[in-house]
Amino acid sequence: MLENLADPRGVVLRRDVIALGLNDNWLARMVRAKELVRVRQGAYALRQRWTDAAKVERHLMLASAVLRQYDDRPVAASHVTACVMQGGPAWGLDLSRVHLTSLHGISERNQAKVVHHRGVCLVGDVTRRDGHWMTTPARTALDTACLAGREAGVCVLDWYLHEGLTTWSELVTTFHAMKEWPDTLGLYRTLHLSDGRSESVGETLLRLLIRDLGFPTPELQWEVLYPNGRVAGRVDMAWPEYGLLLEFDGLAKYAQHRRPGESVADVVLREKEREDLLRELTGFRMIRITWQDLERPEEIAQRLRRALARGAR
């Protein structure tokens with residue numbers, strides 16, 4: 001019965017339970033029996049679905065509940081919530097609350113696990129999805145970056161640009177309509193750090209770290225060519241003038257390039273062969289940076305300093 005009451009994300013609303021002739025005592029029994037978990041006032045989730053869900057999925061479940069509860073009000077999913085619903089990166093974002101923006105510019109007071117925003121929404125700032133209003137990608141990217149810290153904000157903007165969900169000109173145009181709002185000075189700086197050529201959160205964070213450490217700006221997605229001009233491969237970053245190539249190694253990269261029937265070991269071996277080819281064609285050295293390395297920025301600085309110094313001789 002509970003499965004029939006739940007929406008596709010496993011969310012059950014109190015109003016639907018009451019409409020079937022059940023009551024709050026029944027809901028309380030289901031919670032005590034560990035069949036349901038209360039996620040906010042008037043909203044529950046199938047306990048096993050909630051327990052098994054990672055942070056992003058829990059936010060989507062909470063958003064599903066809130067949007068259904070607010071389906072009679074002129075609001076749009078926005079900021080972090082719209083970003084996650086559109087598939088954007090969640091690194092560094094606070095997923096504990098759902099974000100809504102009023103379509104009439106009238107903000108309600110924040111409630112349990114819901115943040116209400118009053119920013120003006122123009123016609124081109126919202127779209128419909130699954131029966132609910134949601135801010136468009138350009139507006140979502142900027143709204144989210146405005147709330148997030150610098151690193152998380154740039155990661156979001158990079159992702160939207162790389163995925164082709166928005167363009168630099170759209171972001172700039174949308175920003176100019178927002179620039180008189182509070183807290184947008186920091187957003188201006190974040191926007192001008194974004195670069196859609198970064199293909200992952202890890203690459204974005206590494207690019208920002210290299211900048212902060214004061215090293216020369218690398219070429220992004222630099223192509224290595226065969227003598228006949230055909231592309232042999234591409235590296236995440238390169239300093240051709242220093243004879244240095246750099247790749248960021250994240251687990252997602254290996255999953256992305258894994259072919260049907262291949263093991264992870266097969267992918268690693270193929271990547272090693274690719275690296276050998278790129279070094280042979282260019283005569284350059286290559287270094288690899290991992291997520292674990294990002295936790296030790298001074299070690300990255302030392303490695304880059306040595307590698308760039310060797311290339312400058």
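Contact denotes heavy atoms within 4.5 Å, and helices (H or I, at least four residues) and strands (E, at least two) are DSSP runs numbered from the N terminus. Axes are lines fitted to C-alpha atoms, for helices over the stretch in contact, with angles running from 0 to 180 degrees between N-to-C directions. The structure is a predicted model, in which local features need pLDDT of at least 70 and side-chain atom pairs count only at pLDDT 80 or more, whereas totals for chains, interfaces and linings use all residues. Residues are numbered from 1 along each chain as its sequence is written, and side-chain values use heavy atoms, with hydrogens and water left out.

Four strands form an open sheet of mixed pairing in the order β9-β10-β11-β12; two strands pair if DSSP finds at least two bridges between them. The edges are formed by β9 (219–225) and β12 (285–290), each of which pairs on one side only. On average, neighbouring strands of this sheet are turned by 50° against each other, direction ignored. Strand β9 pairs with β10 (residues 231–239) in the antiparallel sense over six bridges, and E219 stands opposite A238 in β10.

Two helices lie across strands of this sheet. Helix α15 (residues 297–311) lies across β10, β11 and β12 and runs at about 170° to β12. Helix α11 (residues 201–212) lies across β9, β10, β11 (244–249) and β12, at about 45° to β10.

Helix α7 (residues 137–147) packs with helix α8 (residues 150–162) at an angle of about 165°, their axes lying 8 Å apart. This angle makes α7 roughly antiparallel to α8, where angles under 35 degrees count as roughly parallel, over 145 as roughly antiparallel, 65 to 115 as roughly perpendicular and the rest as oblique. The crossing of the α7 and α8 helices is left-handed, that is, the near helix is turned anticlockwise from the far one by less than a right angle. From α7, residues P137, T140, A141, L142, T144 and A145 meet G153, V156, L157 and Y160 of α8. By class, this contact comprises seven nonpolar, three polar and no charged residues; Ala, Val, Leu, Ile, Met, Phe, Trp, Tyr, Cys and Pro count as nonpolar, Asp, Glu, Lys and Arg as charged, and the others, Gly among them, as polar.

For helix α9 (residues 168–178) and helix α10 (residues 184–191), the axes come within 11 Å and cross at roughly 170°. Helices α9 and α10 are therefore roughly antiparallel to each other. Residues W168, L171, F175 and M178 in α9 meet T184, L187, Y188 and L191 in α10, a contact with seven nonpolar, one polar and no charged residues.
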